[in-house]
Amino acid sequence: MDRAIELDPEFFPAYGRAREIQLAMADYGKAIELNPTYSLAYRNRGSAYLLRGELELAIAGLDRTIELEPGNSTAYISLGVVRAESGDLTLAVDDYTLAIMAYPTSLNAYLNQGSAYGRLGRYAEAVIDYGNALHLALDSPTLYTNRWASFHTQDDLQRALADFKKAVSPDPTSTSVWYDLGVVHDDLGDLGKAVGNYGQAIILQTDNIDALINRALVYSKPGEHGSAIEDIDRVVEIDPTYAKAYLMRESAYAQAWPAPSTRQALTRQSPLA
């Protein structure tokens, strides 16, 4: 349902529940029968076809909308989403471009195009689209999170970090945000901050195995094997079937022998410093 709302907000006020889609289809069909040039009816019926997974019929309906109303930005966005759903990301990008040409301040067009570029591995272009979207929706945590992922994939770590700090500020209780921030600091080689970030994720979710594993790996880099073992022990407590933990623990013991770490902890800095 979220997909259809994104596609077509005018479709769902009347037919917001799945059990009503068939009724909606009948009404859209009747509207088209009475007025074969009613572009909105074709657009809404295209959205309904998408909900039912009938992608070819959805494309046909949206194509007809654009034929009747060539400047309809929403129809181009809807068509792009259908094409992306069918796996044709290149054509989806073309549709979003036409949507932007028709309506240059369309936030949804930039968001969807940025996502399509990211899925295509064209991260530089995704960054541009997310930047344009941020001009239209300032201080959106979601947009900063989307753009940081593109920066991070390009190894543009400083800009990734800047975006992530903006994303985390409005939601300091998000475990995934603190975890990802730890990943960025780890990649930057700032191990103290990475430890603090993973630690915050673990405080918020004490059974966060991924954060415990990553923090153990960070502890191991400067030789803090005792701290790493402590985190791995916690992983084994949480999930005794997690095979990787046993190998990591044996490796940490081997590196700590014959003089286990005195656990001089990494300097903990403010996680957002």
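**Helix packing in the predicted model**

Helix α2 crosses helix α3 in a left-handed sense. The residues in contact are Ile-21, Met-25, Tyr-28, Gly-29, Ala-31 and Ile-32 from α2, together with Ala-41, Tyr-42, Asn-44, Arg-45, Ala-48, Tyr-49 and Leu-51 from α3. Ten of the residues in this contact are nonpolar, two are polar and one is charged. In the model, which is predicted, α2 spans residues 21–34 and α3 spans residues 39–51, and their axes lie 9 Å apart at an angle of about 150 degrees. Because angles over 145 degrees count as roughly antiparallel, α2 and α3 are assigned to that class.

The protein chain as a whole contains 15 helices and zero strands. Of its 273 residues, 47% are buried. Among contacts in the chain with a separation of 6 or more, 48% join residues 24 or more positions apart.

A further pairing involves α5 (residues 73–85) and α7 (residues 107–120), whose axes are 10 Å apart and form an angle of about 20 degrees. The two helices are therefore roughly parallel, since the limit for this class is an angle under 35 degrees. The crossing of α5 past α7 is left-handed. On the α5 side, Ile-77, Val-81 and Ala-84 take part, and they meet Asn-108, Ala-109, Asn-112 and Arg-119 of α7. The contact of α5 with α7 comprises four nonpolar residues, two polar residues and one charged residue.

Helix α11 covers residues 175–188, and the 20 Å between its end C-alpha atoms agrees with the 20 Å that 14 residues should span at 1.5 Å a residue. Its buried residues are Thr-175, Val-177, Trp-178, Leu-181, Gly-182, Val-183, Val-184, His-185 and Asp-186.

The buried set is made up of Leu-191, Gly-192, Lys-193, Ala-194, Val-195, Gly-196, Asn-197, Tyr-198, Gly-199, Ala-201 and Ile-202. These buried residues pack against α11 and against α13 (209–220).

The axes of α12 and α13 come within 9 Å of each other and cross at roughly 160 degrees. The arrangement of α12 and α13 is therefore roughly antiparallel, and their crossing is left-handed. Contacts are formed by Leu-191, Ala-194, Val-195, Tyr-198, Gly-199, Ala-201 and Ile-202 of α12 with Ala-211, Leu-212, Asn-214, Arg-215, Val-218 and Tyr-219 of α13. By class, the contact of α12 with α13 has ten nonpolar, two polar and one charged residues.

Glu-224 is situated in the loop between α13 and α14 (225–238). The relative accessible area of Glu-224 is 12%; because buried means under 20%, Glu-224 is classed as buried. The C-alpha atoms of Glu-224 and Ala-256 are 8.3 Å apart in space, while the two residues are 32 positions apart in sequence.

Conventions. Residues numbered from 1 in each chain as written. Predicted model: local features only at pLDDT ≥ 70, side-chain atom pairs only at ≥ 80, totals over all residues. Heavy atoms only, no water. Axes fitted to C-alpha atoms, helices over the stretch in contact; angles between N-to-C directions. Helix = DSSP H or I, 4+ residues; strand = E, 2+ residues; numbered from the N terminus. Parallel < 35°, antiparallel > 145°, perpendicular 65-115°, else oblique. Left-handed = near helix turned anticlockwise from the far one by under 90°. Contact = heavy atoms within 4.5 Å. Nonpolar A, V, L, I, M, F, W, Y, C, P; charged D, E, K, R; others polar. Expected span 1.5 Å × (residues − 1). Buried < 20%, exposed > 50% of the residue type's maximum accessible area, 1.4 Å probe, protein only.
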